[in-house]
Amino acid sequence: MSSQSFYEVLSRRRDVRAEFSGEPVDPAALRRVLAAAHAAPSVGMSQPWDFVVVRDPVLKKAFRDHVLEEREVFRDGLTPDQASRFAGIRIEGIEDATLGIVVTYDPSRGAPAVLGRHSIPDTGLYSVCLAIQNLWLAATAENLGVGWVSFYREERLRELLAIPDHVRPVAWLCVGPVTHLHAVPDLERHGWRVRAPLESVVHGDRYGQSAEWPD
Ligand SMILES: Cc1cc2nc3c(=O)[nH]c(=O)nc-3n(C[C@H](O)[C@H](O)[C@H](O)COP(=O)(O)O)c2cc1C
């Protein structure tokens, strides 16, 4: 693959809510996407992730009902102006997407001597997020959409999918074929947030100091 097509996949990747077609996912493509996730770097090579592939419509509906409750909890904390903008924004495509893929973090994997985690326990979670990003990009390359849902309480999702107590659910990913991917993120299209200019997040030598840029 040329570096150009890699960057093209990066910029085509979107968080998907409303564009899932509900068509089947090719099993070979699903395997490649999960293998890409499992190829991610991880602290001490702990590979602390697991992937629960959810197809059962009963489980999807139960999870969506919980997410809609949490949507209300979030909405109740908004100003009237924010609440009116939030009202038009979808936050999930759980029942529309062909699959749910729940990605979990098991801190006991490779423990106690996880090389590189002794001073920063969060490195375990960082590793799981890298697996998720690999999954997201591979899915985009396979023309599948992914939508990350985080409007849930961990204990509810743990209970729903029989996840052991010491394992943390990190994401419910809605995954499946899509009709199209938007060029602009949903939150930007709805006037919620815009992507900040690159220059505003790159610093030179010290945090807060502006960086020198090549011409
Ligand atoms: C940790 C994390 C949690 C997220 N949770 C949600 C969510 O619950 N619902 C949702 O609609 N989008 C969720 N998103 C997607 C973001 O809103 C989205 O990535 C962002 O608006 C930028 O859009 P883009 O991914 O299409 O570039 C989440 C993304 C991340 C990284």
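Two strands count as paired if DSSP finds at least two bridges between them, and helices (H or I, at least four residues) and strands (E, at least two) are DSSP runs numbered from the N terminus. With that in hand, β2 and β4 pair in the antiparallel sense over seven bridges. This is a predicted model, where local features need pLDDT of at least 70 and side-chain atom pairs count only at pLDDT 80 or more, while totals for chains, interfaces and linings use all residues. Residues are numbered from 1 along each chain as its sequence is written, and side-chain values use heavy atoms, leaving out hydrogens and water.

**The sheet**

- Let's start with the overall layout: four strands form an open sheet in the order β1-β2-β4-β3, with antiparallel pairing.
- At the edges sit β1 (49-54) and β3 (144-149), each of which pairs on one side only.
- On average, and with direction ignored, neighbouring strands of this sheet are turned by 25 degrees against each other; axes here are lines fitted to C-alpha atoms, for helices over the stretch in contact, and angles run from 0 to 180 degrees between N-to-C directions.

**Strand β2 and its partners**

- β2 covers residues 99-105 and pairs with β1 in the antiparallel sense over six bridges.
- Towards β4, Tyr105 stands opposite Arg168.

**The ligand site**

- Which residues come nearest to the ligand? Of the 13 residues around it, they are Arg14, Asp15, Arg17, Trp148 and Ser150; a residue is near a molecule or strand if one of its heavy atoms lies within 4 Å of it.
- Arg13 has an N or O atom in its side chain 2.8 Å from an oxygen atom of the ligand; a polar contact is a pair of N or O atoms within 3.5 Å, and within protein one must be able to donate a hydrogen and the other to accept it, with residues adjacent in sequence counting only if both atoms are side-chain atoms.
- For Asp15, a polar backbone atom is 2.8 Å from an oxygen atom of the ligand.
- Arg17 places a polar side-chain atom 2.6 Å from an oxygen atom of the ligand.
- Taken alone the ligand exposes 620 Å², and the protein buries 73% of that; accessible areas come from the Shrake-Rupley method with a 1.4 Å probe, and for residues only the protein chains shown count as cover.

**Backbone features to look at**

- As background, most residues other than glycine have a negative phi, and most peptide bonds are trans.
- Ala111 and Pro112 are joined by a cis peptide bond, with omega at about 10 degrees, and Pro112 has its place in the loop between β2 and α5.
- Asn143, in the loop between α5 and β3, has a positive phi of about 60 degrees although it is not a glycine.
- Asn143 is exposed, with a relative accessible area of 53%.
- Ala162, in the loop between α6 (154-160) and β4, has a positive phi of about 55 degrees and is not a glycine either.
- Ala162 is exposed, with a relative accessible area of 67%.

- Ser46, found in the loop between α2 (27-38) and β1, counts as buried at 7% relative accessibility.
- The side chain of Ser46 reaches the backbone oxygen of Val43 at 2.7 Å.
- Not counting residues up to four places away in sequence, Ser46 touches Arg109 and Val114.
- Ile120 is found in the loop between β2 and α5 and counts as partly exposed, at 40% relative accessibility.

Methods: Buried means under 20% relative accessible area, exposed over 50%, partly exposed in between (1.4 Å probe, protein chains only). Contact means heavy atoms within 4.5 Å.
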